[in-house]
Amino acid sequence: SFSQLTYIRRAVKIAEHIAKDRNLKKTDTLVTVQDPFECGLVGMKIKKKLGMPLHVQIHTDFLNPFFVQESILNKIRIGIARKVLPNADGIRVVSQKILDSLKGISLASHVKKVVLPIFVDISKYETAPITSNLREKYPQFNFIILMASRLTSEKNIPLALRAFKQVANTYSKIGLVIVGTGPEKFKLEKLTRDLNLGNNVVFEGWQSDLASYYKTAHLFLVTSNFEGYGLTIVEAVAAGCPVISTDVGIAHDLLQDGISLVCPVGDRKCLVDKI
């Protein structure tokens, strides 16, 4: 396409060519899309043109109020989703939290809705050997909190840093290791300096061997504003690492209070108390 503005129209044309070239029939062909937004709009238009049933996957908690605050584009995407989903014949979501949120959208009675989580090979994390030991790498810390995510605004890592600051005021040898890259990196590094946490917080960049990190951290922390699923939560639990998370994605379903702990989104006091 010459422009992003023509992506949707061009994608529909490509689908029409594929259907014609392969002689696809609406009786044995399914259109599936990876989201209810731009891809969903393509799927809806293909359904209307070719009469094929439409299956929509939802990986993001897009009806969460924090989602719309992220950008004007997200606000537009919510509007698109409200048009696409009533035209779907089947919907796959990755968490019960997302399924519950869809109660606010009018769907036809025949639409089949399925919760199908993202597959995680937990044996990989249960049996992985320790090749990089955080406790040996950072002997100056007697308790290590691990975070692993993209450094983006919806992960709300500033909340983690401010909660961690309160804990570090009492426990000076506690450490926070943040694994990941993203557009918020420099802002987060500045906040770390402003909070005088330079001796307690480490930004490691992205690492390929997270299993060892989960196994040698004392705690895994998630402070996101919203998640569709929460892959790292599953990985940490599989590796035997306790988890504290805000109530996002599958946290409420997977984490039981008293074993691993869940806090309301944005609740710094809860995070401090549970850490």
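Reader: What should I know before I start?

Author: This is a predicted model, in which local features need pLDDT of at least 70 and side-chain atom pairs count only at pLDDT 80 or more, while totals for chains, interfaces and linings use all residues. Residues are numbered from 1 along each chain as its sequence is written, and side-chain values use heavy atoms, with hydrogens and water left out.

Reader: Which cysteines form a disulfide?

Author: A disulfide is a covalent bond between the sulfur atoms of two cysteines; here the term is given to a pair of cysteine sulfur atoms within 2.5 Å. The structure holds one disulfide, formed by Cys263 and Cys270 with their sulfur atoms 2.1 Å apart. The link of Cys263 and Cys270 is left-handed, with -80° about the S-S bond.

Reader: Are Cys263 and Cys270 buried or exposed?

Author: Buried means under 20% relative accessible area, exposed over 50%, and partly exposed in between, using a 1.4 Å probe and protein chains only. By that rule, both Cys263 and Cys270 are buried. Cys241 is in no disulfide, and the nearest cysteine sulfur, that of Cys263, is 16 Å away. Cys241 counts as buried because its relative accessibility is 3%.

Reader: Why is helix α11 largely enclosed?

Author: Helices are DSSP runs of H or I with at least four residues, strands are runs of E with at least two, and both are numbered from the N terminus. Helix α11 (residues 231-238) is largely enclosed by the rest of the structure because six of its eight residues are buried, among them Ile233 and Val234. Just after α11, Gly240 takes a positive phi of about 90°.
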